Structure formats: structure tokens, C-alpha cells
Amino acid sequence: MHASPHASPHVTTAAEPAVWQNWSGDVRIHPARTVAPATPAEVADAVGAAARNGLRIKAVGSGHSFTSIAATDGVLLRMDRLDGLVSVDRASGLVTVQGGMPLHRINPLLAEHGLAMENLGDIDRQTITGAISTGTHGTGVRFGGIATQVRALDLVLADGSEVHCSAEENPDLFSAARIGLGALGIITTVTLQCVPSYALRCVEEPMPLDRVLADLDQLVDGSDHFEFFWFPHTRTALTKRLTRLPADAALSPVSPLRRWFDDDFVTNTAFEGLLRLGTRFPAAVPAITRLATGAVSSRDYSDVSYRVFASPRDVRFREGEYAVPREHAADVIREIAHWTATHDEKVSFPLEVRFSAADDIPLSPSHRRTSAYIAFHQYHRMPYERYFDAVQSVFDTVDGRPHWGKMHRLDAERLRPRYPRFDEFTALRDRLDPEGLFRNTYLDTVLGVPGRRED
């Protein structure tokens, strides 16, 4: 099965100024030029044209990163039309898609062929390239992030060449480019190792936070996929335990009415209204978080895997996330809870805690260590700086590694000692892009300027 051809790429003109912003609205840019290629050859043409015109170039997907990782004042490469299904091999489970295909479209296509992704996060709006390039993950201590499911990549490099890489072909590039931050090239196709379709049983249950932290190892190891949310100003955790089931298992999905009420009305519409109230009257925030926690009831249901993993997220927020060694998770959360209890800081969004297996990807936050991912949020209309700074100070004590697509304050000097293969990655970046065609301010901050070691 092959992708259908598209028309020539769309390019904005001076009379059609390009303005782009990310999902949260924090990053807003005015690139000199915007191009929407439909084929890898058109990507190569755009890269070559940018180089000739002395412009930098960045690819952007759905804009679900909270950082400026895709920002540019040069050429913005929109991946929207590079979104086809290239091939499916049901016997081997290898599926190749173009880099601009979003996860929410990949999953139903896989299901048509009796396949599924091994693990997913709780949001499926990202493109496959954006998801892997920033280290997007799900939960499940025996499963790696989405990038660990990649078996091959096709990229356009800074010199305009189209390169295929895998564990056997160009292995150094493949190893690094699975979480490449957009610094090594523009990914045009991704080959995923998929698994036979499966279902999930989901048990959602409020539990006392102290109990969750005391029994955290048993909860994590006792489920295929375990996560929990905790709202500051409360002492209750909202737990979610997923068990993998055969594809032909009898399913008991949430009814459409219950799903609408729980996942759309309560979690999005009503919560948004309460948060607007909290923005106007900050003293009401602790009561709002307690009300939000109490409004979430227990559920026990089963459905096709991708319908259980992902949930709608319509309320806008700011987010940071760090991976810490699993063994430090409970203490880190206790320290954050202590800070919020002893400071007059109104935090309207929960912490989200998930778990992931160690992997071998150089810039993966889970590189060589089993990790707990702890995400911290704040409603986009409310102050966040003091809270985010305090939380990150806690993560610093255990060498936390930030999610590359979420807000953090670390630069290359502070990141280098946290990643054993950091210099290996930057050396590859310097060799493949010596002129810095794929640079931007974010990459200069977190990786350092090409060719310059900042000790």
C-alpha cells in the first residue's frame, strides 16, 4: 500500500504573511517563508532552497510541543501534507508512514490490518515525527517510549541528500535520530514495529496519595500500564491501571453518554469553567482542585487499546515534565507536595506520574535507566513561573532529565552530565549540519552552538 501523490508544495508569499503558534499559544512566530511539501523530494528541494537563500529551516507538526523546538524566523516546513501510509507488512508488523501523519490517524489504520502500536501516550494529536523527535512516551515500566518502536527512518540532511537509516544501515544516525530534536535532519518516513491488535482493561480509582506512594512499586509492577494524577491542595490521587487483553476478548467499553459526560463535559467543559473562575478568584483554587478530584468517579471498562490510551485534552495549559530514576519517584512527589503545602501558590492542574523502561537512545530521558516521568502543569491563564521553578529544583536533586517538547530551564552545560552520550550526539550534529541549517534558539540553548564546546 503506497501513499497517493499530492500536488506541488504550497508556499506562502509576501501578500500572505505566515503566522504560526503552538497548541498552548506560548510560541508564536513569523517565518520568512512557509512551505508545505507533499513528497520527500519536495522536502529536499525546500532544504536546498533554504541553504541557497541563507535561511535556516525547521519542520513542524501539530504544534503540541510547549517549547520553541520548532520555531524559526527562516523557512517553516509544514508537514501536514506529508501524511500518507506507505506500506504495511502484517506478517512482520512493520508499518511505514510518512513523517507528518498524526498518531490519531495511524491507530485506526493499524487496526484495519490487525495491528497496534505497542504503547501510546495519553494524547494522540502529535505527528509521528514530532512524537519521536521530542521523546514522547506512554506509561508501563516494561515498555519504552514511542521512539523505541522505530525500526527505520528516512531523512533529508542539511546537504539535501535523502538518507535511509536503521540498526543495520547508517546505525549511528539511526541511533541518534530516533530522538533527534530536529537537529540532524528532516524525517520524511518512519517505520514502526507494531504488534498484533490488543485490548485494554482500564480500572480508574481514587486512592489516598499516601497509600499510592507507600505502595508505588506494587502498583507499578502489578499493572501493564500504571499512572496517576494528583492535584496539589488535595491528598487524593486518581489512579489508572491498564491490563492488556487479547484482541478477541469480550469488551465492555464506556457508553457514549458516560464518555461524553466524564471525558468531555466534566474533564474539559466544566473544568475549563472552574479554572476561569479560579483565575479571577485565586483564593478559590484549592477548593476547585478538591472539587475536580471529587468529581472523578471510579470506572472499570475495556476497549481497543488506542481508545483507552488517549483522552481528549481541550483545556489549554502550560506543561513541563522530567524523567527521574524510578527509585526516587515517591520521594520527589512527597517533596513537591511539601512545597505546595508550605507555600501560598495556587496550582490548578495536577501532576501526572507515569513510568517507562530504560532504553539505548542517546538523548532519551530514559537512557540507561528505568524512569518515572513526572509532568507538572498550570492553567494557561494563571501564573506558573514560581511553581515550575520550585518543581524543577526538586528534579535537579536527582539528575532529572526534561522532556524535550515541554518547558524546562536547562541548557547544554547542565544537560551534558545527565546524558552519558551527549557529546556523541552533538558531534554527529556538527558533522551532518556544520553550517547550522537546522539550528534555532532552543537547540542552541540545549545542545550548544555547533562546533563550540561551552565548558
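I started with W23, which is buried at a relative accessible area of 14% (buried being under 20%, with a 1.4 Å probe and protein chains only). F317 is buried too, at 4% relative accessibility.

Before going on, I noted that this is a predicted model, so local features need pLDDT of at least 70, side-chain atom pairs count only at pLDDT 80 or more, and totals for chains, interfaces and linings use all residues. Residues are numbered from 1 along each chain as its sequence is written, and side-chain values use heavy atoms, leaving out hydrogens and water.

Next I looked at ring pairs (Phe, Tyr and the six-membered ring of Trp, centres within 6.5 Å; edge-to-face means planes over 60 degrees apart). I get 16 aromatic pairs by that rule. One of them is W23 with F317, edge-to-face at 5.1 Å centre to centre and 65° between the planes. The two sit 294 residues apart: W23 is in the loop between strand 2 (20-21) and strand 3 (28-29), F317 in strand 18 (residues 317-325). Strands here are DSSP E runs of at least two residues, numbered from the N terminus.

I also found a cluster joined by ring pairs: Y322, W339, F376, Y384, Y387, F388 and F395.

Then I checked charges over rings (NZ of Lys or CZ of Arg within 6 Å of the ring centre and within 35 degrees of the ring normal). R244 lies over the face of Y198, 3.9 Å from the ring centre. R401 does likewise with Y419, at 5.0 Å.

Key
Rings of Phe, Tyr and Trp (its six-membered ring) pair if their centres lie within 6.5 Å; planes under 30 degrees apart count as stacked, over 60 as edge-to-face and the rest as tilted. Helices (H or I, at least four residues) and strands (E, at least two) are DSSP runs, numbered from the N terminus. Buried means under 20% relative accessible area, exposed over 50%, partly exposed in between (1.4 Å probe, protein chains only).
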